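Subject: Handover of a structure for your review

Dear colleague,

Please find the structure below, together with its sequence.

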Amino acid sequence: MAKGQPPQRDRAWTPLRNRRESNTKMKLTRCGKITLGILIMVIATVIIGLIVCFVSYGKTPFYYHISFKVNNIDYDSNFEKSYSQEYMNLNKKIVSLINGTFHGSILRKQYVKSHIVQVSQAKGKVVIHVMLKFISCFKNKAAQFQKRIENILQHKLNGETGSLHIDSSSFKISGIETPIAENLLHNCCGQRTITSSGNKIAGGMDAKEGEWPWQASLQQNGVHRCGATLISNSWLVTAAHCFIKANDPKQWTVNFGLLLNDPQTQRGIKNIIIHEGFHHPAHDNDIAVVHLSSPVLYMSNIRRVCLPEATYIFPPNSDVTVTGWGTLKSDGTIPNILQKGTVKIIDNKTCNKEEVYGGVIKPGMLCAGYLEGRVDACQGDSGGPLVREDRRGTWFLAGIVSWGDKCALPNKPGIYTRVTYYRDWIKSKTGI
């Protein structure tokens with residue numbers, strides 16, 4: 001044995017108490033590892049569940065219709081016009097109230113937006129109808145989700161609502177299926193989801209999907225003949241001369257969408273109403289309205305344009321846009337993709353100059369284009385829309401493609417039916 005080394009027996013010996021403590025520590029360590037492993041598995045399961053939830057359902061929208069009476073706002077017929085200042089002011093107040101309600105609630109991450117879809121009346125006071133949009137993982141718990149929304153709104157309407165004196169007892173809520181809800185959300189006229197500048201029609205530049213959602217194609221026996229403009233979910237406005245040779249509704253269909261050969265939606269025609277004062281070959285009163293066989297559902301790329309009031313002014317030299325599937329030049333081919341063109345309104349006095357149209361432009365006609373030519377509607381664009389955007393981003397129908405001397409010639413701008421001149425006639429036939 002080396003000097004100074006402890007006996008071999010002493011190195012191998014451990015007190016019984018210490019061995020028990022060591023075994024306990026080992027058990028605790030193993031137990032801790034097992035517990036930690038289980039915890040990690042639980043967290044991972046929750047995370048995976050949430051990921052699956054959002055992948056499967058996170059983009060699934062849920063829609064609700066709510067309504068309530070406001071006791072301190074008198075009903076005004078302007079509330080029915082989504083482009084009126086009265087409607088916009090009211091919508092701003094209501095949306096602000098609802099946004100604040102849900103942004104400060106436990107549903108702030110599920111809440112998407114709200115929008116007034118209708119304003120009715122009860123005893124002279126306004127009744128607000130609002131569409132709410134949410135996104136939620138709890139697809140199989142729709143009833144509980146709706147109840148939670150209802151409780152949050154009831155609590156708010158029974159409390160502080162600012163300048164709005166809401167009758168909380170009038171509050172109602174119901175779930176809405178997606179197609180119907182989207183139709184209501186896109187009900188406002190003159191709105192679109194895509195914005196871009198216009199370009200040539202005669203000369204040819206393509207429009208984009210959803211850029212001009214009110215544009216329609218009138219087709220006779222499956223062949224494109226004219227354009228038309230959606231003014232409600234059941235009515236179109238177009239040119240009377242489109243039906244000179246065929247006014248039987250059974251021969252016609254209406255297509256909606258960007259492409260002629262791949263329409264998104266198609267409808268038959270129930271009735272064609274031609275202005276009583278239209279007599280071919282004269283160009284006066286070149287306007288007609290078309291009643292669809294069944295209403296279309298509004299969506300992001302099918303919407304109605306706004307009709308201007310009879311007193312609405314479209315100033316000379318202002319930019320307007322004409323769209324259609326007409327030929328890209330005189331006697332050219334029909335494009336498959338919708339075309340667009342930005343032109344300028346030309347006052348009738350200028351348009352009636354001898355070197356232009358020599359005095360044949362009537363008050364019911366509107367002149368638009370360029371005296372130097374370049375951009376113009378062409379054959380096949382007849383009946384289509386000429387529209388202008390106001391300062392709030394709402395699009396109004398200024399004219400209907402009617403006639404012209406060929407396409408894009410110098411001193412021969414396009415001639416359109418002036419919509420404001422025929423506004424009362426449109427209302428008398430359609431109620432719009």
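Covering the buried residues of helix α5 are, among others, β1 (61-74), β2 (111-122), β3 (125-135) and β4 (166-176). Helix α5 spans residues 178-185, and its buried residues include Ala181, Glu182, Asn183 and Leu185. Buried here means under 20% relative accessible area, exposed over 50%, and partly exposed in between (1.4 Å probe, protein chains only). Helices (H or I, at least four residues) and strands (E, at least two) are DSSP runs, numbered from the N terminus.

Please note that this is a predicted model, in which local features need pLDDT of at least 70 and side-chain atom pairs count only at pLDDT 80 or more, while totals for chains, interfaces and linings use all residues. Residues are numbered from 1 along each chain as its sequence is written, and side-chain values use heavy atoms, with hydrogens and water left out.

As to confidence, the protein averages a pLDDT (the predictor's confidence in each residue, from 0 to 100) of 86, and 83% of the residues score at least 70. Over residues 1-17 the pLDDT stays under 50, and the model has three contacts (heavy atoms within 4.5 Å) for them beyond four places in sequence. The pLDDT is also below 50 over residues 49-58, a stretch with 10 contacts beyond near neighbours in sequence.

His165 is found in the loop between α4 (142-157) and β4. With a relative accessibility of 49%, His165 counts as partly exposed. Its contacts, leaving aside residues up to four places away in sequence, are Lys69, Val70, Asn71 and Asn72. The C-alpha atoms of His165 and Asn71 are 5.5 Å apart, although 94 residues separate the two along the chain.

Six strands form a closed barrel in the order β5-β6-β7-β10-β9-β8, with antiparallel pairing. Two strands pair if DSSP finds at least two bridges between them.

The hairpin of β14 and β15 has five residues between its strands, and Gly393 in the turn has a positive phi of about 85°.

Yours sincerely
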